[in-house]
Protein chains: 2
Amino acid sequence: MTVMDSARRAREASVALAVATRTAKDAALVAMAEALVSRTSEILTANDVDVAAAQAAGTSAALVDRLALNTQRVAGMADGLRQVAALPDPVGEVVRGNTLPNGLELRQIRVPFGVVGIIYESRPNVTADAAGLCLKSGNAVLLRGSSSAARSNEAIVAILRQAAAGTGLPEDAIQLVDSSSRDSVKELMRARGLVDVLIPRGGASLIKSVVEESTVPVIETGVGNCHVYVDADADLDQALSIVLNAKVQRPSVCNAAESLLVHESVAAEFLPRALAALTEAGVTVHGDDAVREHAAQVLPATEEDYAAEYLSLDMSAAVVPSLQAAVAHIRRYGTGHSEAIVTRSQAAAREFVSTVDAAAVLVNASTRFVDGGEFGFGAEIGISTQKLHARGPMGLPELTSTKYVVTGDGHIRN
Amino acid sequence: MTVMDSARRAREASVALAVATRTAKDAALVAMAEALVSRTSEILTANDVDVAAAQAAGTSAALVDRLALNTQRVAGMADGLRQVAALPDPVGEVVRGNTLPNGLELRQIRVPFGVVGIIYESRPNVTADAAGLCLKSGNAVLLRGSSSAARSNEAIVAILRQAAAGTGLPEDAIQLVDSSSRDSVKELMRARGLVDVLIPRGGASLIKSVVEESTVPVIETGVGNCHVYVDADADLDQALSIVLNAKVQRPSVCNAAESLLVHESVAAEFLPRALAALTEAGVTVHGDDAVREHAAQVLPATEEDYAAEYLSLDMSAAVVPSLQAAVAHIRRYGTGHSEAIVTRSQAAAREFVSTVDAAAVLVNASTRFVDGGEFGFGAEIGISTQKLHARGPMGLPELTSTKYVVTGDGHIRN
């Protein structure tokens, strides 16, 4: 089946799904969770083939680990679906409403987009997560996963479709599209009118190409060159623990810190401690001359370092003469994801919060908290780094549009 | 100055404008209003040149009227700015907020986009309206008006910039870009990273080309092939007055009705009256065979008629066997703008509202009410017909993004 055929079937399915009750959608999600558990062996058999192929192709151990499933990981996917079932249904929520002076009743209510396309990389658990979130928000979904996970994804989607259909929802609400070539990505980007929104999840180059080439509206996710700025008035113990947490607690994710900015008035006191602790934690620091004064192991930082989203145990660092200089540095190199200040000064916190342009700004807290789960959204389809529609962690409401409902009794306009 | 230079200056200006207080922004808006009034003669002199050029080029009287300004119209522009000053400031509004289980304080607040590009056609009053709405919402604006209004727009923008600067706001927050060729539109569409959102206002072909070619995020506005569906249970007197109002009260605007759908069970009673009244109001009806049975003056409707946004005293019409058929017709031909049902049946109203996919769905009310002013938004930058970010009339909040602010006291993630 071509992507366009899939999209047309998804569009058709979306009509029924848009008016499905919460009860019906939650029943489907629970059935999908149960089916994943009861048919785990089918999934693992398919996954074994993907893993063997990846290993034969010389894929790195880290990537093979992202690809590999086991009973526990499949159970985790099922738990994720049950958690989505427990979340409130965003569809039908009244966002605003009032009675106009002429007596017309105005309500703005949440409605599904219709058809959502998700383009993502190797981890097959995204398949179940994305399917669950889209179904709960009343959207049909076209899943374009990684070719390296093709067999795993096929097994998972077949099970999810059958389970959803078994509870009466249209099976074409969940479809996997061909991942054997880039053509399917191109077709999704051209499916304007059939696909309502595309969400690319993955590396910077994938996201950039989708953003630039798609005629379907896109929600850009996830590139995070996140900074921690240690202010002149910082509690330096707090600063140290936040910098370490933001950098090393999970360096491979988008909300990990990539760059450290230190006010010059605390550099002599803070940097020797911080650089020693980072080195001990295995971090390679790339710093400017002022940073390198404090530790021999710091490598010289280039422009590329300051612009880099390392996603590894590397960190760029610079000494700045002022909060304003820190904000200017962030404006120049940041990706608008998550930016933190450590300070005891109320004035500094207020200025940083109001002048840093990012999805999330943190005061005396690790960048790692910028996450749908941590924010209490229950689940997350990604973290938007664009300003249109959704910015920051996206939960179920961000997977909806709205509709105005205007009710009168024969009202005409003068 | 090139568009890219303008965009860079707008980006710079947006930094100061984003943190301007409501008091400062309102003072600028009032100064801009006063300057338009006190310097009306400059505007009218410039406008005379545009009008003379348009007449010499054989422009239609209707278009010349849209272009022409007079003292009253300039006063209207000034009043518009004063009304925007009176509206609440969307910037800083807390959209949601709570304290997380770990004690982190989470707030989602409205922030400006940064730089907004508006591409619009002949009416020069849009220049002042758009500048006022963008300034109030904290956004720098790049205005790309019609070349036919170039001198009028230059005069208006020069006055607005000077007035804004006189109150201390950056004058580059309001800039007119060259309208002498399509190149400036192309440059705006490529200014990703400098321009945050483009809003095309105008004809369907302009909007289509911007939507398809822009790498800057776009909010699509305004194409309205709006339907009125007269249900089997309609109050036929109400239906008649709503159909007439929706079609003839102001046929040139996007929320005017373009198509009439009538349930077959009331066609024999309703259509002779409706067709007579429409004909008397000067409307040319293009109908299917079932409609044409009821009036000799009805022309045969083609596929193009059902798909047309006439913006004139023309209306397509069809008889449908059911509410579901009406919804299917709307799904096929509608543009997702405003769709009305006339019915006394609660069940029919509920089904129509939940199954029609449009920015606004009206029950027993004219489509003409779908308007920012009528909805009580105070002002409107356009009517979005897309599902991402904003749908329906867009007021000041729709010209903003959001930012999460996370405040802790040394919080790190486990």
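A: The largest nonpolar core has 259 residues, and A:Met32 and B:Met32 touch the most other members of it. A nonpolar core is a set of buried Ala, Val, Leu, Ile, Met, Phe, Trp, Tyr and Cys residues joined through C-beta atoms within 7 Å. The model is predicted, and local features need pLDDT of at least 70 and side-chain atom pairs pLDDT 80 or more, while totals for chains, interfaces and linings use all residues. Residues are numbered from 1 along each chain as its sequence is written, and chains are lettered from A and ligands numbered from 1 in the order in which they are written.

Leaving out residues up to four places away in sequence, B:Met32 touches B:Leu81, B:Gly132, B:Leu160, B:Ala163 and B:Ala164. Two residues are in contact if their C-beta atoms, placed from the backbone, lie within 7 Å.

Now to the sheet that uses strands of both chains. Its 10 strands run in the order E1(A)-E2(A)-E16(A)-E13(B)-E12(B)-E7(B)-E8(B)-E11(B)-E9(B)-E10(B), and they form an open sheet with mixed pairing. Strands (E, at least two residues) and helices (H or I, at least four) are DSSP runs, numbered from the N terminus. Two strands pair if DSSP finds at least two bridges between them. At the edges stand E1 of chain A and strand E10 (299–300) of chain B; each has a single partner strand, so one side of each is left without a neighbour in the sheet.

Strand E1 (residues 94–99) and strand E2 (residues 105–112) of chain A pair in the antiparallel sense over five bridges, with A:Gly97 opposite A:Arg107 in E2(A). Together E1(A) and E2(A) make a hairpin that has five residues between the strands. In the turn, A:Gly103 has a positive phi of about 95 degrees. On from there, E2(A) pairs with E16(A), again in the antiparallel sense, over eight bridges; A:Ile109 has A:Lys403 in E16(A) as its bridge partner.

The step from one chain to the other comes next. E16(A) pairs with strand E13 (residues 360–365) of chain B, in the parallel sense and over five bridges. Here A:Tyr404 is opposite B:Ala360 in E13(B), and the bridge partner of A:Val406 in E13(B) is B:Leu362. Helix H10 (residues 236–248) of chain B packs on the sheet, where it touches E16 of chain A as well as strands E7, E8, E11, E12 and E13 of chain B. The direction of H10(B) makes about 160 degrees with that of E12(B). Angles run from 0 to 180 degrees between N-to-C directions, and axes are lines fitted to C-alpha atoms, for helices over the stretch in contact. Helix H15 (residues 346–355) of chain B also packs on the sheet, touching E16 of chain A together with E12 and E13 of chain B; its direction makes about 160 degrees with that of E13(B).

The chain contact as a whole takes 54 residues from chain A and 54 residues from chain B. On the chain A side, the elements that give two or more residues are helices H9, H10 and H15 and strands E13 and E16 of chain A. E16(A) gives the largest share, 11 residues.

Chain B also holds another sheet, with four strands. These strands form an open sheet in the order E5-E4-E3-E6, with parallel pairing. Strand E5 (174–176) and strand E6 (197–200) of chain B stand at its edges, each with a single partner strand, so one side of each is left without a neighbour in the sheet. On average, neighbouring strands of this sheet are turned by 20 degrees against each other, direction ignored. E3(B) and strand E4 (residues 140–144) of chain B pair in the parallel sense over five bridges, and B:Val115 stands opposite B:Ala140 in E4(B). Helix H7 (residues 150–166) of chain B lies across E4 and E5 of chain B, at about 160 degrees to E5(B). Helix H9 (residues 204–213) of chain B lies across E3 and E6 of chain B, at about 160 degrees to E6(B).

B:Gly114 is in the loop between E2 and E3 of chain B. B:Gly114 counts as buried because it has 22 C-beta neighbours inside 10 Å; buried takes 20 or more other C-beta atoms within 10 Å, exposed 12 or fewer, and partly exposed lies in between. Apart from neighbours within four places in sequence, B:Gly114 is in contact with A:Asp357, B:Arg11, B:Ser14, B:Asn139 and B:Asp196.
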